[in-house]
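Please look at the sequence and structure first.

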Amino acid sequence: MFRLTFDGAGAALHLLARSIDGFASLGMERGASLVAGSAQQHHTFTSRTGKLERHIIPRRPRGSLLAGTLSVDVVGDRPYGSFVEDGTSRSRAYPYLRPAFERTEDEVAAEMERSLQEAVRAAGW
């Protein structure tokens, strides 16, 4: 009988997991920046001051990809940002965040794929 073992697998897998979580956060941050940029440039609302466009920003990623909790928010960081996105009882909605995500979805996925490939290379795999 011949037995093949992989000594040190635990340490190598731990390094890979840490690398994946770090680079996945970076990929989410980059993806959120793509969405924010698209929302700033291609919105349908009438801008009177430019404040909302300047305040469409990505937040910092939270959570862990491996735990299934990694997320990032892109927000119109003005008190009225959600009123423009969702509308009110007196004003129709002018969505700018959802359409921006839909326009950049493939680019965001490609950015995540690049980030995960970077993670694997950085971990020495």
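**Salt bridges and pocket**

There are six salt bridges, a salt bridge being a side-chain nitrogen of Lys or Arg within 4 Å of a carboxyl oxygen of Asp or Glu. The model is predicted: local features need pLDDT of at least 70, side-chain atom pairs count only at pLDDT 80 or more, and totals for chains, interfaces and linings use all residues. Residues are numbered from 1 along each chain as its sequence is written, and side-chain values use heavy atoms, with hydrogens and water left out.

**Salt-bridge pairs**

- Arg60 and Glu29 form a salt bridge at 3.8 Å, N to O.
- Arg60 lies in the loop between strand S1 (56–58) and strand S2 (74–76) and Glu29 in helix H1 (residues 9–41), so this pair ties together parts 31 residues apart in sequence; helices (H or I, at least four residues) and strands (E, at least two) are DSSP runs, numbered from the N terminus.
- Arg60 is exposed at 62% relative accessibility, whereas Glu29 is partly exposed at 28% (buried is under 20% relative accessible area, exposed over 50%, partly exposed in between; 1.4 Å probe, protein chains only).
- In the salt bridge of Arg62 with Asp73, N and O are 3.2 Å apart.
- Arg62 is partly exposed at 46%, and Asp73 is partly exposed at 31%.

**Network**

- Salt bridges link Arg30, Glu111, Arg114 and Glu118 in a network.

**Largest pocket**

- The largest pocket has a volume of about 320 Å³, the space filled by probe spheres set on grid points joined across faces, edges and corners.
- A pocket is an open set of points on a 1 Å grid over the protein atoms alone, where a 1.4 Å probe fits, with protein on both sides within 12 Å along at least five of seven lines; lining residues have an atom within 4 Å of a point.
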